[in-house]
Structure formats: C-alpha cells, structure tokens
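Here are a few exercises to work through with the model open in your viewer. Have a go at each one before you read the solution.

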Amino acid sequence: MSLSLNFFTPATRSPNLTFPKSPLTALNCLFPITFSPKSISIKSSASTDPNSAPSSQVLVSSNGTGSSLLAPEYNYSAAADVSSIEVDAVTEAELKENGFRSTRRTKLVCTIGPATCGFEQLEALAVGGMNVARINMCHGTREWHKSVIERVRRLNEEKGFAVAIMMDTEGSEIHMGDLGGASSAKAEDGEIWTFSVRAVDSPRPERTINLSYDGFAEDVQVGDELLVDGGMVRFEVIEKIGPDVKCQCTDPGLLLPRANLTFWREGSLVRERNAMLPTISSKDWLDIDFGIAEGVDFIAISFVKSAEVINHLKSYIAARTRDTDIAVIAKIESIDSLTNLEEIIQASDGAMVARGDLGAQIPLEQVPSAQQRIVQLCRQLNKPVIVASQLLESMIEYPTPTRAEVADVSEAVRQRADALMLSGESAMGQYPEKALAVLRSVSVRIEKWWREAKRHEAMQLPDVGSALSDCISEEICNSAAKMANNLEVDALFVYTKNGHMASLLSRCRPDCPIFAFTTTASVRRRLNLQWGLIPFRLSFSDDMESNLNKTFSLLKARGMIKSGDLVIAVSDMLQSIQVMNVP
Ligand SMILES: Nc1ncnc2c1ncn2[C@@H]1O[C@H](COP(=O)(O)OP(=O)(O)O)[C@@H](O)[C@H]1O
Ligand SMILES: C=C(OP(=O)(O)O)C(=O)O
Ligand SMILES: [K+]
Ligand SMILES: [Mg+2]
C-alpha cells in the first residue's frame with residue numbers, strides 16, 4: 001500500500017511542521033508529532049515533555065526500509081497464546097474471508113421468546129449475527145428468563161461469543177392480562193367485549209379482558225376509543241358498569257397477551273390518572289433486582305417520562321454492583337419522553353426508539369420524524385440508539401419481508417442508528433433466523449452503498465465532556481476517524497478500559513471498522529451494542545508499544561490482519577494517535 005506520509009527519513013521530530021492533511025495540522029498545535037517512514041505518532045503533550053528526546057514509539061515500517069523500530073518484545077510468541085485474545089468466531093471468519101470492509105457496522109438485537117429460547121436456537125441467532133439478546137419482562141416467568149440468561153452465558157463461554165443481555169421492564173402503563181394462557185384472542189367487528197379491572201375467573205369468560213390498571217373504569221368515558229397495541233384492534237366504549245367497561249369492536253384483529261392499551265378522546269390520547277403511574281412499578285423493581293443478580297448488561301426502562309427516574313435507577317444499580325456496570329437504556333415511547341428527550345438521553349447510557357408504543361401515543365405519521373430526531377440526538381450526545389418494533393413484522397408469518405419493510409430497515413441503517421431490534425419476529429415468529437438474516441444483509445448492503453457513494457453528510461458533533469482530558473479524547477477520536485477516512489486505512493484500533501474512547505470513535509461513524517480492545521468481558525459485551533465496534537477482550541498494559549506488538553502478533557496468527565494493513569491506533573491510557581502498517 002502506498003502512503004503519502006513517508007517523506008521524513010530517518011525519524012525526526014518537529015513540533016512546528018505543517019502537514020498537508022488538515023486533521024494533523026489542527027493537532028499539530030496541541031501535540032508534538034513524531035514522523036518516521038510510513039508512520040506518525042502524535043502524543044499528548046500532557047504526557048510528554050516537548051523538549052525531551054523523542055520517546056520510544058511504536059513506529060512500524062511495512063517494507064522493512066527505514067529504521068527498524070519494532071520493540072524487542074515483538075518476538076512475543078503468538079502461536080503459544082492465540083487464545084489470549086477473545087473475539088467471536090463469526091467475526092473472525094468474516095474478517096478472514098472477506099476482509100475489513102465486509103464487516104457489518106449496524107448491531108442487531110433479538111427479543112428471545114418461545115421460538116428462540118433453546119440452546120441451539122440461541123446459537124443459530126448468535127451465528128446469524130445477534131449482538132444482544134433481549135428478554136422482555138412483560139412475558140414469561142423469572143425462571144424462564146433465568147434459563148435464557150444461563151444459555152446465553154453458556155453459549156458465550158463455550159463458543160466464544162460476546163452476546164450481551166438486555167432486560168426490558170414491563171413498565172406500569174395500561175395493559176391487558178395474559179388471556180388465561182391463550183396465545184391470542186380474535187375480536188370481530190361489532191362484537192361487545194368487557195374490559196375489567198376485576199380479577200376475572202379462570203378459565204377466562206368469553207369476550208372478557210382483564211386489565212392491569214385499577215383506575216381504568218374511572219378514567220374512561222363513554223365514546224372514548226380504545227386502541228390495543230397502538231391500533232392493531234380498536235374498540236369504542238359504549239357503557240360503564242362499575243369496574244366493567246363494555247366496548248364494541250370497531251377494527252377487528254388479534255388480541256395478544258399483555259398487549260398495551262391506550263384510550264383516545266376526540267382524536268387525542270387521554271392521560272388522566274394513568275399519567276401518575278410510576279415509570280418503574282413494584283414488579284419492575286423486583287425484575288430489576290433479578291437483572292442485577294443475574295448480571296445482565298443492559299436494563300431498558302419502559303415508558304420513561306423524565307431524567308429523574310433514570311438517575312434514580314442508575315444510583316440504585318451503582319449501590320448494588322461493585323465490579324460490573326449495567327447500562328441503562330431509556331425507551332422513548334411516550335409523549336412525555338419526547339417532551340423531555342434531551343435530558344432523558346443525557347442521563348441514560350443509551351436509548352431505544354420503541355416505535356410500537358410510541359405509535360400508540362403520537363399519530364403514526366409523526367413516528368418517522370421522531371425516530372430521526374432521537375437517532376440524531378443520541379449520536380450527538382454519544383449514546384447508543386436502537387430502532388425497534390415492526391421492522392420486519394410480516395416475517396412473523398412469512399419467510400420473506402415486504403418491500404416496505406426492507407425500505408424501513410434501510411432508512412434506520414442510513415440514519416446510522418447503532419442497532420436494529422427484532423421483537424415478535426424473533427420471539428414468537430415462524431422465521432427468526434430468516435428475519436435476522438434480512439436485517440444482516442440489508443444492513444451490510446446499505447452501509448456499503450452509502451459508504452461508496454460517500455453520501456454521509458458530516459454531522460456536527462458537539463463536545464460531550466467538559467473536563468480538559470475528555471475534550472482531548474474527543475479531539476483525538478474525531479481526528480483519528482477523519483484521518484482514517486482520508487487515508488483509507490483498513491481499521492482503527494482503540495485500547496479502552498471502560499469503553500468510552502471506543503464509543504467516541506463509534507460516534508464518528510468512520511468508513512473502516514473499529515477494533516475495540518478491552519480488558520473485561522463485561523465491557524466487551526456492552527460495546528457489542530455500538531455501531532462499527534468489533535469488541536475484543538485482551539489484557540493489555542499502559543505501554544502502547546507492547547500492546548500493539550502483542551495485538552499484531554495475535555491477530556496475524558489468527559489470520560485476521562496481515563502485513564501491510566494500514567491501521568490507526570488510539571488509546572485511553574496514553575492520549576495518542578499512531579498510524580502504522582502492520583509489520
Ligand atoms: N418471554 C416470552 N414468553 C412468551 N412470549 C413472548 C416472550 N417474549 C415475547 N413474547 C411474544 O412475542 C411478542 C413480541 O414481543 P415484544 O415486542 O417484546 O412484546 P410486546 O408485544 O408485549 O411489546 C409478544 O407479544 C409475545 O407474544
Ligand atoms: C420496544 C417496545 O416496547 P415493548 O415491546 O416492551 O412494548 C415498543 O413499544 O416498541
Ligand atoms: K417491555
Ligand atoms: Mg413498548
């Protein structure tokens with residue numbers, strides 16, 4: 001590979017050089033820069049005295065000309081210890097077979113349900129690209145969820161995956177009961193159904209639905225419209241008899257267990273006492289305790305209304321976990337969450353565009369612009385964002401998606417959301433693996449198309465941190481990503497203990513994949529939700545030179561990189577940007 005950077009020889013150092021590429025010129029003011037054949041190393045002046053002799057750098061020449069700058073420990077025996085780097089077999093095979101650019105950048109979340117809870121089914125999803133397994137506490141028992149978590153853990157251990165687990169709370173909005181064990185109930189046009197807050201007998205009387213919210217009968221009025229699952233089935237309230245509300249079906253359809261229910265008056269959503277329901281119900285708190293005890297990686301909170309609840313939950317988690325951290329994802333699915341969007345996202349570790357319920361709370365035609373706004377805001381605030389619900393809804397029943405569904409998935413990929421999520425398609429559909437394969441192939445195709453067409457307008461990325469060291473990290477990542485695009489490097493490497501530096505690179509959405517090396521399995525799993533990151537577990541030191549040598553040896557031994565590949569490396573231990581060819 002030819003480079004435009006090899007015009008200083010032998011290695012010299014000049015803090016005052018002007019350099020043809022703008023990101024370097026900008027950085028030149030901040031950092032002393034060392035040049036050598038085919039390599040640049042920029043070190044933060046915070047850690048280097050500008051007047052001292054050049055410190056030992058990992059400056060690597062691909063063709064062996066120029067000074068050999070490989071550290072002695074490059075003799076590190078990779079063959080003896082190839083297992084000391086952990087990456088999943090699917091990514092490894094993909095890199096070996098198709099090279100860097102082939103890797104998928106958009107992450108995939110699968111809701112696990114009866115169709116996918118077996119070990120082999122989970123393995124098939126992991127092989128098919130599932131990055132995160134979501135369990136929805138609206139359904140199933142804790143024992144059931146526990147067994148799913150155990151299987152995913154075993155899969156990770158036995159097969160080398162890093163599938164993260166996301167627990168999604170039920171939330172305390174109004175929803176129907178579990179239909180007495182039936183998988184669904186058909187409501188026909190014109191039928192009269194009873195919605196009741198009484199505990200109904202078992203077996204469930206015909207055309208009777210039990211509701212979770214005690215204030216229901218008092219809040220609704222005759223003439224209100226009831227929307228099940230955001231309008232999949234509709235009723236009109238015709239009579240109130242104590243705790244029972246009689247309703248006539250106006251749009252027939254299938255009622256599913258625990259389906260969400262909203263009521264509308266004169267074209268607007270009614271929020272009376274149910275607006276006072278706590279975001280986290282007492283059952284949710286028990287589920288959260290369960291999630292903490294099981295060490296889930298993410299907790300997604302349903303129907304978030306304000307930042308307060310997120311802050312409260314985060315301190316609750318912090319007080320109960322020591323070595324691990326659980327990321328809190330705010331589900332944006334209510335009017336209040338849109339009103340308080342920025343402060344909610346700021347407080348959270350990520351967000352979900354939960355279009356299912358969102359589409360029941362705002363007019364459907366407003367969902368696409370809300371999605372775009374949430375996705376953009378998350379990127380600006382450096383929080384991962386998941387686009388969820390009905391992406392491939394027809395694949396619950398059919399083996400191929402509709403054209404409209406493919407267009408919807410494409411749009412989310414084009415918006416550069418971090419992740420896409422399957423719900424019913426993977427939880428209880430007939431074609432979970434096929435649905436996942438569609439997400440995978442559409443993602444890869446659209447990412448490639450958009451990259452090749454260079455259609456991505458640069459987004460203004462405001463500073464997220466305020467401390468100087470945070471600002472330096474951000475500048476380093478922004479510059480490294482820009483350099484990576486301009487120099488068309490093969491991969492960005494980031495050595496990151498808590499994952500922050502990796503997320504800052506991901507936020508730039510660079511053209512090349514980002515290899516994120518981290519020391520703990522839990523950070524590795526959490527990074528699996530973020531756009532473009534290929535997380536590796538690797539123990540490393542504060543010495544970047546030996547880290548790079550070790551990584552090159554290990555990855556070469558496993559055929560994941562080869563001599564001559566051009567790499568840019570950054571780290572959060574040493575604020576530096578290094579550009580080099582793999583020796
Ligand atoms: N753990 C589970 N046990 C049984 N069914 C489940 C489970 N998780 C999900 N499902 C089924 O998959 C459907 C889609 O999942 P999801 O979108 O997460 O829930 P919901 O439809 O309640 O929002 C659910 O309606 C339910 O029928
Ligand atoms: C993802 C969503 O939440 P749940 O599936 O838990 O209702 C949604 O409403 O889109
Ligand atoms: K839920
Ligand atoms: Mg929801």
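**Exercise 1.** Take residues 474–573 and work out how far apart the end C-alpha atoms lie.

*Solution.* Start with the ends: the C-alpha atoms there lie 14 Å apart. Next, the make-up: the span is 43% helix and 22% strand, where helices (H or I, at least four residues) and strands (E, at least two) are DSSP runs, numbered from the N terminus. Finally, the label: UniProt, in an unreviewed entry, lists residues 474–573 as "domain: Pyruvate kinase C-terminal", and such annotations may be inferred rather than shown by experiment.

A word on the ground rules: this is a predicted model, with local features needing pLDDT of at least 70 and side-chain atom pairs pLDDT 80 or more, while totals for chains, interfaces and linings use all residues. Residues are numbered from 1 along each chain as written, with chains lettered from A and ligands numbered from 1 in the order written.

**Exercise 2.** Find how helix α12 and helix α14 are oriented to each other.

*Solution.* First locate them: α12 covers residues 403–414 and α14 residues 432–452. Their axes (lines fitted to C-alpha atoms over the stretch in contact, with angles from 0 to 180 degrees between N-to-C directions) come within 9 Å and cross at roughly 50 degrees. Now classify: angles under 35 degrees count as roughly parallel, over 145 as roughly antiparallel, 65 to 115 as roughly perpendicular and the rest as oblique. So α12 and α14 are oblique to each other.

**Exercise 3.** Which helix gives the largest share of the shell around ligand 2?

*Solution.* Helix α10 (residues 355–361) does, with three residues.
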